[in-house]
Every structure is written in structure tokens, then in C-alpha cells.
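Keep the model open as you go.

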Amino acid sequence: MAGVSFEKKRPRQPVGSAATVSVRVSGAGRASVDGASVVPAPGEEIQQAVLNHLQRLAISVGAPIRATVHDDLAGCVVPLEVSADGSSRVTGQAVRVAPRPAAAGTPGTGQAPTGQFGPAPVMNEPDTDTRSPAAHSPLAAVPPEPSAPTPTPARGFDAVAEEVLGDGPLTETAEGAELLTEPLRRINEAVRSGCIDTAAELADRTLAEASAVFGPRHAEALHLRELSAYIAYLAGDPVRAFRLSLDVAGLRRQARDGEAAYDNVRSAATAWRAVRDPEEGLRLGRDLIDLWTDLAAEPGPAADDTGPLESARARMVRLSDRAAKAAAQA
């Protein structure tokens, strides 16, 4: 998600209520969200860059983002909702409007984007090439999958976000945790107010202090490590978010806490999907899948939820193909 800026502070939205933004997509791979420019990473389509931006906003405010998407060159306006898990859905009828005329050779002109808005994957890279058969606009979104008959627990970064954005008091979960109450309050408040860089500095400093006082395997040190991973993901550093999450997953598996270890594996997988370089993605993916496979072989939620692991393995195949093509072109 390189290029997406979170420097512009946004007022905090109540947890559970959707925030509303305006998106404009123009020529030459240009887009903006509420007037803030969105810049795609190398090789990334502008539509995916916008979806990534909206997903990160949804994670930051703890609620879906409702966007009115204006595609200037295609000449349509689409109401879209993007959730914190990356899924997207059209919330109303697309409206045709007159395309904005653009003179050839001037800044901001070019071909209309060819990608589609949706379905936005949890991990920022589509697992399939599914397209809506009724999609006539480059902004068409695929309807969401039917909801599960019973609610499922929040996993990975979703669970961390719920804790950070919650309004309840901080829960002391282990001996000595009361010493971290004030630092955690300051970290959470920085995330809520959109000061991601400040939150990252506070989290890293508090993690170092907690590890020195309690030891790196202490429950609160592990909790701070997963919080630091979540903030690194918000800050656009997926590699650091991945490594922190996978480290915690390994430590929790060693402690025979399969439930918590699986949450951290899912966080690592989310960060891994945001790594765009195929070679680096392959290196990180091998470590992820090795641990994930071991965890899935043991009783627990990982063994009962094999679909995401299969999706990760499928991504490894795609990364191998991309790496081979890149090597052939070098």
C-alpha cells in the first residue's frame, strides 16, 4: 500500500457507524479521497490503491467506509461500501453522468482505468479473477458473499482494531499490566486520532520497556507486539507488521495457545498480502505457510478453518509466476 498517506487527520467516527467519503478517479491513474491524492504502488491499478486506502480508513475508524465514487472518464457514479476486512459492496444503483472531457497530452488525461472495484480481498490481492457478469462499468463491484448463519469471532488485525477503537476501559490481563495502562491509553488515542507515526513511536518504546521489565514472553509484551504489528500495518510497513505478527504466533504456539496463535497468523497473512515484491513475498510466504501448516495440524481454530491457508498457498503459486516473469524480463 505504498503511497497512501495518513497524515491528514480525520475526526474520530463512533465505533460501529459508517464514515462517508467522496472518491474521484480520473485519467493517468489519478484518484483522490476527500481531496487527498491516492498514489498506487508500482504495478498496482488505481482501483486497488483506492480500495486499499478505503480499507485502511475502515480499520482506522472501526467502521465501514461508504464512498461515492465518481469515475470522470467512464462517466458514472457508484455508491460503494468497504469494510475493515477488505470486502466491498455496491449500496445502490450506478448512475451514468456525462464524462469529463479531457484534451490529449495534458496532465490528468489518459485511458479510463481498466480494473474493477471489488471484490476487495482481505489481503489486498485478489485470490480469483471473478468478475460480475453484469458489470458494464470499470467501477462495478461484486455483491458480498452471503453472511454466515452464526457470527464468527474477530480474527487478526480486526480483533486488535476492536480493542484499540473500543470505548471501554483497558483490561488488565496479567500481573504488572497496570503499569502499562497509561502508555496503552496514549497509544490507542493516537491511533483513534489518526496520528499513526506517533502511535508507532509510542508502541515501539513501550514494547521495548515492557520486554525489558517483564521479559519478551510475558503476556503484556506479546500483546504490545501484536499492537505494534497492527500499527505498522496502518503505517504502510507490511514487512514489519508481518514479522512482528509471525513472531508472536510462534511464541504463542510454543505456549500451546492455539487460539491466540491463529489470530496472529491471520494478522501476518493480512500484512503479507500487502507485500508487492514477488521475491520478498515468496520469502515471507514460506515462513508463514510453514508455521500455518504446523498450526493447522494441531487441534484448534486453524485446523477448523482451512480455506484461508489454501488461499495463501494459491497466492504462493501466483507469486512464483510473477517472480519468474520478472526474472525473464530482467
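This is a predicted model: local features need pLDDT of at least 70, side-chain atom pairs count only at pLDDT 80 or more; totals for chains, interfaces and linings use all residues.

## The chain overall

Residues are numbered from 1 along each chain as its sequence is written, and side-chain values use heavy atoms, with hydrogens and water left out.

Of the 330 residues in the chain, 47% are buried; buried means under 20% relative accessible area, exposed over 50% and partly exposed in between (1.4 Å probe, protein chains only). Accessible surface comes to about 16,000 Å², and 53% of that belongs to carbon and sulfur atoms. Those areas come from the Shrake-Rupley method with a 1.4 Å probe, and for residues only the protein chains shown count as cover. Look at contacts (heavy atoms within 4.5 Å): among those between residues at least 6 apart in sequence, 66% join residues at least 24 apart.

## H4 against H5

Helix H4 (residues 196-214) packs on helix H5 (residues 219-234) at an angle of about 160 degrees, with the axes 9 Å apart. Axes here are lines fitted to C-alpha atoms, for helices over the stretch in contact, and angles run from 0 to 180 degrees between N-to-C directions. That angle makes H4 roughly antiparallel to H5 (under 35 degrees counts as roughly parallel, over 145 as roughly antiparallel, 65 to 115 as roughly perpendicular and the rest as oblique).

The H4 and H5 crossing is left-handed, meaning that the near helix is turned anticlockwise from the far one by less than a right angle; clockwise would be right-handed. H4 brings residues including Ile196, Ala203 and Leu207 to the contact, while H5 supplies Leu224, Ile231 and Leu234, among others. Sorted by class, this contact has 10 nonpolar, 3 polar and 2 charged residues. Ala, Val, Leu, Ile, Met, Phe, Trp, Tyr, Cys and Pro count as nonpolar, Asp, Glu, Lys and Arg as charged, and the others, Gly among them, as polar.

H6 and H7 pack at about 160 degrees, with axes 8 Å apart, so H6 is roughly antiparallel to H7. This crossing is left-handed too. Phe242, Leu246 and Val248 are among the H6 residues in the contact, and Val265, Ala268 and Trp272 are among those from H7. The tally by class is 12 nonpolar, 3 polar and 2 charged.

What sits in the loop between helix H6 (238-254) and helix H7 (258-273)? Arginine 256 does. Arginine 256 has a positive phi of about 65 degrees although it is not a glycine, and its relative accessible area of 78% makes it exposed.

Threonine 270 is found in H7 and counts as buried at 9% relative accessibility. Its C-alpha atom is 8.5 Å from that of proline 238, 32 residues apart along the chain.

## H7 against H8

H7 also packs on helix H8 (residues 278-296) at about 160 degrees, with axes 11 Å apart. The two are therefore roughly antiparallel to each other, and their crossing is left-handed. From H7 come Tyr262, Val265 and Trp272, among others, and from H8 residues including Leu284, Leu288 and Trp292. By class, that contact has 11 nonpolar, 3 polar and 1 charged residues.

Notes
Helices (H or I, at least four residues) and strands (E, at least two) are DSSP runs, numbered from the N terminus.
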